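The following exercises are to be worked with the sequence and the model at hand. Each task is followed by a solution in steps.

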Amino acid sequence: MASNTGLAKIETQKMKEEICHDDSSAPVKAQTVDELHSLQQKKKSGPNTPIKGLNQSAFGSEVDRNKQQLQSISASLASLTRETGPKVVKGDPSKQAETANVTHASQFQHQHTTPNLNISDSSLKFTHILYNLSPAELYEQAIQYEKGSFITSSGALATLSGAKTGRSPRDKRVVKDETTSDELWWGKGSPNIEMDEQTFLVNRERAVDYLCSLEKVLVNDQFLNWDPNNRIKVRIVSARAYHSLFMHNMCIRPTPEELENFGTPDFTIYNAGKFPCNRYTHYMTSSTSIDLNLARREMVILGTQYAGEMKKGLFSLMHYLMPKRQILSLHSGCNMGKDGDVALFFGLSGTGKTTLSTDHNRYLIGDDEHCWSDHGVSNIEGGCYAKCIDLSREKEPDIWNAIKFGTVLENVVFEEHTREVDYTDKSVTENTRAAYPIEYIPNAKIPCVGPHPKNVILLACDAFGVLPPVSKLNLAQTMYHFISGYTALVAGTEDGIKEPTATFSACFGAAFIMLHPTKYAAMLAEKMQKQGATGWLVNTGWSGGSYGSGSRIKLAYTRKIIDAIHSGELLNANYMKTEVFGLEIPTELEGVPSEILDPVNTWRNKDAYKETLLKLGGLFRKNFEVFANYKIGADNNLTEEILAAGPNF
């Protein structure tokens, strides 16, 4: 049969249940490409406005929750001089449709018709709040608006921290007032550099004005401390998606239900790091200032975009708040055996803290910051902040595999086309870092809590080669070596000769403690005594001579020692006492050559050993002078007991 055009009509039969492909569907409900993109994103998927039902009462409560959240954020951003917060609205200003909707919903807060004559232009604008964005949303913000943000081949977000690629401890200030002048550790050896409240408020105003001048700011509401009875609510206000994603990973992430009832934060960070402080302001010594006000529970960051300032600022806060609750805050790693035996690992950079606390046969509670309460231990953080320099899949498989989508990679260098990271490249900095949620570690214990520790392990990389591979410590010795926080670095000189340099950091984290080190040490001893925990000093450094003549203790031997501590085998060993330091050392241990257990056996030149031992003992004594005059208790017995536990010669 021919058609009107003269062409033969093609007859088709409809096939039933044999169609391999069918594109037929109703046309999309969009008139423009932008509208089509808006359909791609489900509007109510985030924690901003959870819906429990479709009835009118549920909708009303949702509006109330939104109103309370916006009022709380506006109050956080309030100018202290004008006593008002900015007009805030949720949503990305680049998404016009969404913004228009939320703006309409936010008119409850500010009913402006014509501007008053006594206000500035800042009162005429909305500050758009990007609230608790997901990692995917933060990726989009970073890549679109922040130069230097890229997706690497593993899926991690590579970013740059600007001119500062590490912390600025000399620019960190703490407000000294009537309370903190008595409570905090001030003076020689202390990390706490004072400022007055007026200067803090000047810097706070500068930070808030900068943040409110932006078209949009990012707000994170999160938690510190996995112990539900001692959880701290923190709010982080920042200008960069990189900072928001970093804190999303490093703090504990609330559920949508917890976020609904978040309320007023216990502590707020104002990160205006892209904006410098005013050098003419009192106490300012550079364009960078990190300011902590414990009375106001606020922190202000100006002049540095290094994200680690936020993490360590919160750690300083916990070092102040937790001891007030008789909870010990600790700069340590922590893991737990399958039988529930918990171990704490203390150690400065290069001592093997991360390597030894990461054990495939044990659960990881946390890698860096912990609390020890009457209920047991808990991780302060929700993530890990790992060093990346020279990272390899073979040496650190858990960290390597954790660098994936959602992870922040700071200051790394990558191949332009493949986006493969070169972890050996130090072009930007040697302090390259990865920040990822602790769930990215396969054997992480979630929630990150555990029972009371059985073992407290102090790690030292002794490049002098005179400390034993392992020593059992009594309580006074544990306090002495905890306060000392010793390790040794290898320093190069111009003519190529290298010799060890002793490094001491009180409580293995002097930069972050707020109280005098002996207060933390006394709490540690009290909890160890009450719970029957044992203290150990483990040398992961040299044997048979100092650096250059001796050799580093094999990692396999150190792992055998750590395993014997975990199993309890070392508690049942036979012990002898060393000279000078008076350390109890085992005479034999399965899997470890007996001759290396006493370092004097491994030195050919016994006189050189004795000379080096006395030299290190003298360095310990000199370092401890700053603590010797501090009294604990009315009779000062405890201070004298700690001093007696040090080198004796």
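Helices are DSSP runs of H or I of at least four residues, and they are numbered from the N terminus. The model used here is a predicted one.

**Exercise 1.** Determine which helix holds Asp398, and where the nearest side chain of opposite charge lies.

*Solution.* 
Step 1. Asp398 belongs to helix α11, which covers residues 397–402.
Step 2. A salt bridge requires a side-chain nitrogen of Lys or Arg within 4 Å of a carboxyl oxygen of Asp or Glu.
Step 3. The nearest oppositely charged side chain is that of Arg559, 9.3 Å away. Asp398 has no salt bridge, although it is buried.
Step 4. With residues up to four places away in sequence set aside, the residues that Asp398 touches are Thr358, His360, Ile441, Pro442 and Asn443.

**Exercise 2.** Give the strand order of the open sheet of 9 strands and identify the strands at its edges.

*Solution.* 
Step 1. The order reads β1-β2-β7-β8-β9-β11-β10-β5-β6, and the pairing is mixed.
Step 2. β1 (87–90) and β6 (194–195) each have a single partner strand, so one side of each lacks a neighbour in the sheet.
Step 3. Helix α7 (residues 241–250) packs on this sheet, where it touches β7, β8 and β9. The direction of α7 makes about 10° with that of β7.

**Exercise 3.** Is Ser316 buried or exposed, and which residues does it contact?

*Solution.* 
Step 1. Ser316 is located in helix α9 (residues 308–324).
Step 2. A residue counts as buried under 20% relative accessible area. Ser316 has 0% and is therefore buried.
Step 3. Apart from neighbours within four places in sequence, Ser316 is in contact with Lys172, Leu292, Phe512 and Met514.
Step 4. A polar atom of the Ser316 side chain lies 3.4 Å from the backbone oxygen of Phe512.
Step 5. Ser316 and Leu515 are separated by 199 residues in sequence, while their C-alpha atoms are 9.9 Å apart in space.

Conventions:
Residues are numbered from 1 along each chain as its sequence is written. This is a predicted model: local features need pLDDT of at least 70, side-chain atom pairs count only at pLDDT 80 or more; totals for chains, interfaces and linings use all residues. Side-chain values use heavy atoms; hydrogens and water are left out. Two strands pair if DSSP finds at least two bridges between them. Helices (H or I, at least four residues) and strands (E, at least two) are DSSP runs, numbered from the N terminus. Contact means heavy atoms within 4.5 Å. Axes are lines fitted to C-alpha atoms, for helices over the stretch in contact, and angles run from 0 to 180 degrees between N-to-C directions. Buried means under 20% relative accessible area, exposed over 50%, partly exposed in between (1.4 Å probe, protein chains only). A polar contact is a pair of N or O atoms within 3.5 Å; within protein, one must be able to donate a hydrogen and the other to accept it, and residues adjacent in sequence count only if both atoms are side-chain atoms. Lys and Arg count as positive and Asp and Glu as negative; His and the chain ends are not counted.
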